[in-house]
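Please keep the structure in view while reading.

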Amino acid sequence: MTADSNECTPNIAPAGIRRRRRLGFQLAGVSIAAVGAGMIVRAPWFARTAVFLPAAVAAIGFLQASRNTCILRAHEGTLEHDGDPPLFACRICGHVSADKAYCPDCLADTMEPQPRPR
Ligand SMILES: [Zn+2]
């Protein structure tokens with residue numbers, strides 16, 4: 001077993017993994033900027049503790065993406081895209097969404113109807 005192996009059954013779709021990883025990078029950037037700003041303006045220690053929230057959410061996003069597991073979905077016992085199946089899929093990236101106007105990932109109007117499973 002290597003550090004990269006993950007034998008868990010994923011409960012999030014590839015789009016959800018990408019979304020969590022993107023959120024992790026965004027909030028890690030916010031955390032780094034907040035640390036820098038706190039040092040530049042010499043903010044008091046209690047103001048600098050505000051860095052904890054974005055850093056913690058970024059870590060949760062990275063952990064969920066690396067383990068292919070959403071904590072909330074695991075708690076609910078459901079899979080992402082469970083229940084009523086999405087109706088449209090992106091022709092470019094394969095993102096599945098109920099929104100037919102545009103793909104939330106690549107922001108292109110490349111959504112096409114997807115047949116319902118079952
Ligand atoms: Zn797309």
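## Overall architecture

From the N terminus on, the order of elements is α-α-α-α-β-β-β, which amounts to four helices and three strands. The model is predicted, and the protein has an average pLDDT of 82, with 80% of the residues scoring at least 70.

| Element | Residues | Mean pLDDT |
|---|---|---|
| Helix H3, highest | 52-67 | 95 |
| Helix H4, lowest | 71-76 | 77 |

Of the 118 residues in the protein, 16% are buried. Among contacts between residues at least 6 apart in sequence, 51% link residues at least 24 apart.

## Helices H1 and H3

Two packed helices are described by the angle and the distance between their axes. The axes of H1 and H3 cross at roughly 155 degrees and come within 7 Å. Angles over 145 degrees count as roughly antiparallel, and H1 and H3 are therefore roughly antiparallel to each other. The crossing of H1 past H3 is left-handed.

The residues that meet include Ile17, Leu23, Leu27 and Val30 in H1, and Val57, Ala58 and Phe62 in H3. By type, the residues of this contact comprise 12 nonpolar, four polar and two charged.

## Alanine 33

Helix H1, which spans residues 14-40, contains alanine 33. Alanine 33 counts as exposed because it has 12 C-beta neighbours inside 10 Å. Between alanine 33 and valine 51 the C-alpha to C-alpha distance is 9.2 Å, and these two residues are 18 apart in sequence.

Definitions and conventions: Residues are numbered from 1 along each chain as its sequence is written. This is a predicted model: local features need pLDDT of at least 70, side-chain atom pairs count only at pLDDT 80 or more; totals for chains, interfaces and linings use all residues. Helices (H or I, at least four residues) and strands (E, at least two) are DSSP runs, numbered from the N terminus. A residue is buried if 20 or more other C-beta atoms lie within 10 Å of its own, exposed if 12 or fewer, and partly exposed in between; C-beta atoms are placed from the backbone. pLDDT is the predictor's confidence in each residue, from 0 to 100. Two residues are in contact if their C-beta atoms, placed from the backbone, lie within 7 Å. Axes are lines fitted to C-alpha atoms, for helices over the stretch in contact, and angles run from 0 to 180 degrees between N-to-C directions. Angles under 35 degrees count as roughly parallel, over 145 as roughly antiparallel, 65 to 115 as roughly perpendicular and the rest as oblique. A crossing is left-handed if the near helix is turned anticlockwise from the far one by less than a right angle, and right-handed if clockwise. Ala, Val, Leu, Ile, Met, Phe, Trp, Tyr, Cys and Pro count as nonpolar, Asp, Glu, Lys and Arg as charged, and the others, Gly among them, as polar.
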